[in-house]
Amino acid sequence: MVRAVLRIVGFEVKGLAAIAAWIVRRRHGVPDGAAALAYGQEQAFMLGLMSFAMAVETVVVDLLLAALGVPAWLRYGVLIADLYGLLYVLMLAAGCATRPHVVTADELRVRYGVYLDLRVPRELVAGVRTGRAYHQGGMITVEGGRLTVAVSSQTNVTVELAEPVTVVRPLGRRAEVTSVRFFAQDPEAAVAALKPGITTRTNS
């Protein structure tokens, strides 16, 4: 329990740092010569709608509580909770924008904002293919040795591994996976970056 709380606090700190990096247009963990595979744009519209709805709700609820004469401590508590919700959405968007998937000469790095960071050595990449799939589960799931990192409930790149790698889930649980599915705005670029030395195929 303590470990999970510490990880959540760490996510908050990294999220705030991501907002700062977003403002100055810097990306995290993208060395020179690496292929950066963005994925955040797919959920930008949804996050924008969510932010707008939450902002309107914050104003309306605060005015309603003031009109009803609700005690100040309760009113401010609700206001802080609502503002934190807005901040969380901003941290999520910033984390995804500044932490793309990365392919270097040595590794594939699959990420989701500040919540997931899986490093796969290039020599373990046995195959890669494109193909859009829809998922009903959460954003980050592990089932049957397969890691799924979905954006807006979608993935479009599948990487098969020659050996299992260990993935650390957001709250610290570990699992062994031999296949990774993730979303990239340009899936063909992901295949092109991973192609040298492996056999690739594209789903129809």
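**Reading the labels in this model**

User: Thr 104 is found in the loop between β2 and β3. Why is Thr 104 called buried?

Analyst: The relative accessible area of Thr 104 is 18%. Buried means under 20%, exposed over 50% and partly exposed in between, with a 1.4 Å probe and protein chains only, so Thr 104 is buried. This is a predicted model, in which local features need pLDDT of at least 70 and side-chain atom pairs count only at pLDDT 80 or more, while totals for chains, interfaces and linings use all residues. Residues are numbered from 1 along each chain as its sequence is written, and side-chain values use heavy atoms, leaving out hydrogens and water.

User: Which residues does Thr 104 touch, not counting those up to four places away in sequence?

Analyst: Thr 104 touches Pro 31, Ala 34 and Arg 122, where contact means heavy atoms within 4.5 Å.

User: How do you know that β2 and β3 pair?

Analyst: Strands β2 (residues 101–103) and β3 (residues 107–112) share 2 bridges in the antiparallel sense. Pairing requires at least two bridges found by DSSP, so β2 and β3 pair. Val 103 has Leu 108 in β3 as its bridge partner. Strands are DSSP runs of E with at least two residues, helices are runs of H or I with at least four, and both are numbered from the N terminus.

User: What makes β1 and β4 edge strands?

Analyst: The open sheet has 4 strands in the order β1-β2-β3-β4, with antiparallel pairing. β1 (35–37) and β4 (116–121) each pair on one side only. The twist from one strand to the next averages 15°. Helix α4 (residues 187–194) lies across β1, β2 and β3 and runs at about 150° to β1; angles run from 0 to 180 degrees between N-to-C directions, and axes are lines fitted to C-alpha atoms, for helices over the stretch in contact.

User: Why is α1 called roughly perpendicular to α3?

Analyst: The axes of α1 (residues 2–23) and α3 (residues 72–98) come within 8 Å and cross at roughly 65°. That makes α1 roughly perpendicular to α3, a class covering 65 to 115 degrees, with under 35 roughly parallel, over 145 roughly antiparallel and the rest oblique. The contact of α1 with α3 has 12 nonpolar, 3 polar and 1 charged residues. Here Ala, Val, Leu, Ile, Met, Phe, Trp, Tyr, Cys and Pro count as nonpolar, Asp, Glu, Lys and Arg as charged, and the others, Gly among them, as polar. Residues of α1 in this contact include Glu 12, Leu 16 and Trp 22, and those of α3 include Tyr 84, Met 91 and Thr 98.

User: How many bridges join β8 to β9?

Analyst: β8 and β9 (residues 174–182) are joined by 8 bridges and run antiparallel. Thr 158 has Arg 181 in β9 as its bridge partner. The two strands form a hairpin with 5 residues between them, and Gly 172 in the turn has a positive phi of about 105°.

User: Is Arg 25 buried or exposed?

Analyst: Arg 25 has a relative accessibility of 78%, so it counts as exposed. Arg 25 lies in the loop between α1 and β1 and has a positive phi of about 60° although it is not a glycine.
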